[in-house]
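Work through the exercises below with the sequence and the coordinates open. Each task is followed by a solution in steps.

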Amino acid sequence: MPNIILLGPPGAGKGTQAARLVAERGMVQLSTGDMLREAKSSGTEMGKRVAAVMDRGELVTDEIVIGLIEEKIASGAGNGFIFDGFPRTLAQADALGELLARTGQRLDAVIQLVVDDETLIARIVGRAEEARAAGKPVRADDNPEVFADRLRAYYKSTSPLIGYYYALGDLFTVDGLAPVETVAGSIANVLDQAVAATAT
Ligand code: AMP
């Protein structure tokens, strides 16, 4: 089954779509953001080291996130991995390619969720309000000030991956502004294509 990357700025809908793929296809979601938040809240040494960086909306070091991913992918996933929020830099993309090759795995598709900044800011404000209304904890970095920095980090460090994967012939683009169901349908099409390509 395919291993895919969901690529896009914060708030593009990567987590939402990943959760659906987990439920519908039994794929395994690997979100470095979730792993880092877990380390932060459980107070591990690494968690303490990354807390301030995350709260500022900056990227944690490549070494840390590559280490997290390396632990998880060694044994492969029967139904495929969804990389969500990783890779976020060219160095991470290179490292992922090497890790997959070393463990006899491959990357089947990189799905870019295309959205615009105004929509992202509205979604982030909405995500914080929803959490507040439901009595759930609001992510420390889901506020307009930190979000602007997260978006800058995306454009500076992560958006070059669009060219990187386009050059490798792995890039598929999906309109992330469409309704959630439509986006899910477009992703399903890409996955089916990727599966068919692997089978031939
Ligand atoms: P996310 O939940 O994907 O938006 O990630 C939340 C925060 O975790 C980011 O703003 C970064 O500080 C950090 N983070 C998550 N994934 C990565 C990554 N692949 N590389 C560097 N920092 C990351």
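A residue is near a molecule if one of its heavy atoms lies within 4 Å of it. The model is predicted: local features need pLDDT of at least 70, side-chain atom pairs count only at pLDDT 80 or more, and totals for chains, interfaces and linings use all residues. Residues are numbered from 1 along each chain as its sequence is written, and side-chain values use heavy atoms, with hydrogens and water left out.

**Exercise 1.** Describe the shell of residues around the ligand and the ligand's polar contacts.

Step 1. The shell holds 16 residues, of which Thr32, Arg37, Glu58, Gly85 and Gln92 come nearest.

Step 2. Sort by element, where helices (H or I, at least four residues) and strands (E, at least two) are DSSP runs numbered from the N terminus. Helix α2 gives the largest share of the shell, 4 residues.

Step 3. List polar contacts (pairs of N or O atoms within 3.5 Å). A ligand nitrogen is 3.0 Å from a polar backbone atom of Gly85. A ligand nitrogen is 2.9 Å from a side-chain N or O atom of Gln92. A ligand oxygen is 3.3 Å from a side-chain N or O atom of Arg150.

Step 4. On its own the ligand has 480 Å² of accessible area, and the protein covers 96% of this; areas come from the Shrake-Rupley method with a 1.4 Å probe.

**Exercise 2.** Is Arg150 buried or exposed, and which residues does Arg150 touch?

Step 1. Arg150 belongs to helix α7, residues 144-158.

Step 2. Buried means under 20% relative accessible area, exposed over 50%, and partly exposed in between (1.4 Å probe, protein chains only). Arg150 has 9% relative accessibility and therefore counts as buried.

Step 3. Apply the contact cut-off, heavy atoms within 4.5 Å. Beyond residues up to four places away in sequence, Arg150 touches Pro10, Gly57, Ile124, Arg127, Arg139, Asp141 and Asp142.

**Exercise 3.** Is Lys48 buried or exposed?

Step 1. Lys48 sits in helix α3.

Step 2. The relative accessible area of Lys48 is 56%, so Lys48 is exposed.

Step 3. For a distance check, the C-alpha atoms of Lys48 and Gly104 are 34 Å apart, with the two residues 56 residues apart along the chain.

Note on methods
Polar contact = N/O pair within 3.5 Å; in protein donor to acceptor, adjacent residues only side chain to side chain.
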